[in-house]
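Take a look at the model below.

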Amino acid sequence: MEKTQRPRVINQIKRLRGMDDILPEDVLLWQQIEIMAWELFTQAGYHEVRTPVLEDTELFERGVGTETDIVNKEMYSFEKGEHRYTMRPEGTAGVVRAFIENGMSRWPKPVKLFYKGPMFRYERPQAGRRRQFHQMGLEIFGLDSPAADAESIYLAMKLFEQLELPNLSLEINNIGDPESREVFRQNFRAFIEPSLSKLCETCNRRYESNPFRMLDCKVPECKAIYDGDAVSGFLAQEWTSEASQNHFLDLIDILDELGIPWERNYRLVRGLDYYTNTVFEITSTNLGAQNAVCGGGRYDRLVEDLGGPPTPATGWALGMERLVSLLDMKVETPVEYYIINDHPSAAMQVADVIRQLGKIVEVDLSGKAFGKQFAVADKRKAKYAVILGEEEITQNKVTLKDLATGDQSVMPLPSFWEYLEALSIVEEAGLEAEEEG
Ligand code: HAM
């Protein structure tokens, strides 16, 4: 008896948890946002910088801080030979390293940079919280003025306004300079000590090492205590120095003059240890639990802490996935001309000329019968078919078919070029009238 052959089961390899494929129609939207941001930032005198995805682990330990969740539990790190490597969990530390390493501190100040790219954090994945996600950020080096904080916030808001992001709020806080944080630390320890038994193990550890970071705890029981009236009252007392308070007051004056509404959030400490004075987050109620679309602040000591000359700095980063999820927009690039042919090289040359008018032109590469090629043109929802058969090629002409009306005309190539140019002028005029109307 013949044995029936069992089909071979091949395990399909899946993408890693918390990491996403960005598919073509979404990529178009991402690109539009990136172009809009690129124009806005370059017009404001910022320059794009691209730094490696992989950095020395110590950069983030020293930069972001060993007591932060990011460094403590979320970094993708590995060893190779003698070295410890980390997939960047954020962009600022790498940009600061590049600033120091490339002697940018000797450039005319301020040095204004922006960047975009993937970041990696080993977090519990959920909507808006991914293990690979993308940030776009900007940083200003060499200015300690409140106006620098204000411009960075203004540009983020401007971008969001252009994109018509819904229901945004700006939460802002002043966490002071390191000296005033020491005063806060001592007072907060004394204040919170009676509650220690009700707080989690991490908070108890942070009580010793970095009490400030306790306020960033996500454990519900701890959060309830920090959100309570007693802690709120404690935090609302100004612990910061006079200079730091003045910086904050000047900043919010500028924001008011710019018509940017803000709200003081005394519990806002941010998840990174490098901040001094200003910290802020831009949130949207349309986002759910992970509601911050953008976060940043001032970090006047980081350049020095990473081995550079004392250089005040400020900046922010936005999360692209969260931003895109706020947009109800689809970008499409439908095929306008589909070239039906039995002579691919001639078809590619004709396509090239039509593309010079800015049109999207696809050449049929199948070599199949024209009926089948027309079926693909229909599926692509092409506006026109350009037919280049044997007869057209020998007589140096094309057949143009309007696929919506079925109208068809045969034209010598020179008249076809003239016709296309005239058509695109009419189409452009139509578009402009639509935009104005
Ligand atoms: P961050 O608040 O950690 O700040 O991240 C900035 C933004 O990245 C967040 O507001 C959020 O939109 C997005 N984001 C963060 N983690 C995730 C995640 N797991 N999944 C999806 N999106 C996420 C920074 O990284 C600082 N480097 C910002 C900065 C620049 N401060 C000064 N300069």
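A polar contact here is a pair of N or O atoms within 3.5 Å; within protein, one must be able to donate a hydrogen and the other to accept it, and residues adjacent in sequence count only if both atoms are side-chain atoms. The model is predicted, so local features need pLDDT of at least 70 and side-chain atom pairs pLDDT 80 or more, while totals for chains, interfaces and linings use all residues. Residues are numbered from 1 along each chain as its sequence is written, and side-chain values use heavy atoms, without hydrogens and water.

An oxygen atom of the ligand sits 3.2 Å from a polar backbone atom of Val-293. A ligand nitrogen is 3.3 Å from a polar backbone atom of Trp-316. The protein covers 96% of the 650 Å² of accessible area that the ligand has on its own (Shrake-Rupley method, 1.4 Å probe).

Which elements give two or more residues to the shell around the ligand? They are strands E6 (132-141), E10 (292-298) and E11 (313-319), where strands are DSSP runs of at least two residues, numbered from the N terminus. E10 gives the largest share, six residues.

Now move to Ser-284, in strand E9 (residues 278-284). Ser-284 is buried, with a relative accessible area of 2%; buried means under 20% (1.4 Å probe, protein chains only). Its side chain reaches the backbone nitrogen of Asn-286 at 3.1 Å.

Methods: Helices (H or I, at least four residues) and strands (E, at least two) are DSSP runs, numbered from the N terminus. Buried means under 20% relative accessible area, exposed over 50%, partly exposed in between (1.4 Å probe, protein chains only).
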